[in-house]
Amino acid sequence: MQKEDLKELYERVKKKVINRERETRNILAALAAGRHILLEGPPGTTKSTLLQVIAEEMNTPFIMVEGTADLTPSKLLGYFDPAQAVAEGYKPEHFVEGPLLEAMKKGGILYIDEFNRIPPRCFKCFNASH
Ligand SMILES: Nc1ncnc2c1ncn2[C@@H]1O[C@H](COP(=O)(O)OP(=O)(O)OP(=O)(O)O)[C@@H](O)[C@H]1O
Ligand SMILES: [Mg+2]
């Protein structure tokens with residue numbers, strides 16, 4: 001992303017989200033550097049809204065996952081439809097893509113709400129997807 005584009009993007013986000021200049025700059029810097037972000041804060045302090053607005057203004061696909069204790073690597077990455085795999089084998093067309101794969105393929109932002117609730121067995125998916 002060019003410096004001028006970033007500045008313009010920052011100004012557009014600023015118009016929609018009030019009083020989050022520092023957070024916006026930090027998030028945009030991390031995104032421009034291709035890094036992941038962990039947003040932490042009390043309820044109702046614009047975490048989701050800020051990310052949604054940034055993705056919208058960047059014109060980037062925004063894929064949201066609800067972070068719960070029963071999230072699994074298969075749910076995140078994708079899985080072969082059991083019934084179809086049994087009937088016809090493990091064919092690519094029977095693979096149900098998960099949100100992580102979808103975000104990687106589309107080059108979008110994967111937003112995991114309540115990341116603190118997801119079980120540790122899911123962490124390896126993120127290590128492998130840098
Ligand atoms: N700084 C702000 N500028 C504009 N709208 C805001 C701002 N802060 C909060 N809001 C509004 O307050 C509501 C709650 O914000 P949001 O859902 O983004 O918070 P959150 O930090 O994701 O909360 P939670 O931790 O509960 O998920 C939204 O409807 C949002 O539009
Ligand atoms: Mg939220």
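Trainee: Among contacts in the protein between residues at least 6 apart in sequence, what percentage join residues at least 24 apart?

Mentor: The figure is 63%. Two residues are in contact if their C-beta atoms, placed from the backbone, lie within 7 Å. One caution on the source: this is a predicted model, where local features need pLDDT of at least 70, side-chain atom pairs count only at pLDDT 80 or more, and totals for chains, interfaces and linings use all residues. Residues are numbered from 1 along each chain as its sequence is written, while chains are lettered from A and ligands numbered from 1 in the order in which they are written.

Trainee: How many helices and strands are there in the protein?

Mentor: There are 7 helices and 4 strands. Read from the N terminus, the order is α-α-α-β-α-β-α-β-α-β-α.

Trainee: Why does alanine 103 count as buried?

Mentor: Set the value against the cut-off. A residue is buried if 20 or more other C-beta atoms, placed from the backbone, lie within 10 Å of its own, exposed if 12 or fewer, and partly exposed in between. Alanine 103 has 22 C-beta neighbours inside 10 Å, so it counts as buried. Its place is in helix 6. Beyond four places in sequence, alanine 103 is in contact with Ile63, Gly108, Ile109 and Leu110.

Trainee: And why does phenylalanine 62 count as partly exposed?

Mentor: Phenylalanine 62 has 17 C-beta neighbours inside 10 Å, so it counts as partly exposed. The residue lies in strand 1 (residues 62–66). With residues up to four places away left out, phenylalanine 62 touches Gln52, Ala55, Gly108, Ile109 and Tyr111. Across the protein, 12% of the 130 residues count as buried.

Trainee: What makes a set of residues a nonpolar core?

Mentor: The members must be buried Ala, Val, Leu, Ile, Met, Phe, Trp, Tyr or Cys residues, joined through C-beta atoms within 7 Å. The largest such core has 14 residues, and Leu110 and Ile112 have the most contacts inside it. Helix 3 (47–58), helix 6 (99–106) and strand 4 (109–113) each give two or more residues to this core.

Trainee: Why does this core lie between domain 1 and domain 2?

Mentor: Both domain 1 (1–60) and domain 2 (61–130) give residues to this core, so it lies between them. The domain bounds come from an automatic or database domain assignment. The C-alpha centres of domain 1 and domain 2 lie 24 Å apart. Their contact takes 6 residues from domain 1 and 7 residues from domain 2.

Trainee: How do the axes of helix 1 and helix 2 cross?

Mentor: The axes of helix 1 (residues 3–16) and helix 2 (residues 21–32) come within 10 Å and cross at roughly 140°. Each axis is a line fitted to C-alpha atoms over the stretch in contact, and angles run from 0 to 180 degrees between N-to-C directions. Helix 1 brings Leu6, Leu9, Tyr10, Val13 and Lys14 to the contact, and helix 2 brings Glu21, Thr24, Arg25, Leu28 and Ala32.

Trainee: How do the residues of this contact divide into nonpolar, polar and charged?

Mentor: The contact of helix 1 with helix 2 has 6 nonpolar, 1 polar and 3 charged residues. Ala, Val, Leu, Ile, Met, Phe, Trp, Tyr, Cys and Pro count as nonpolar, Asp, Glu, Lys and Arg as charged, and the others, Gly among them, as polar.
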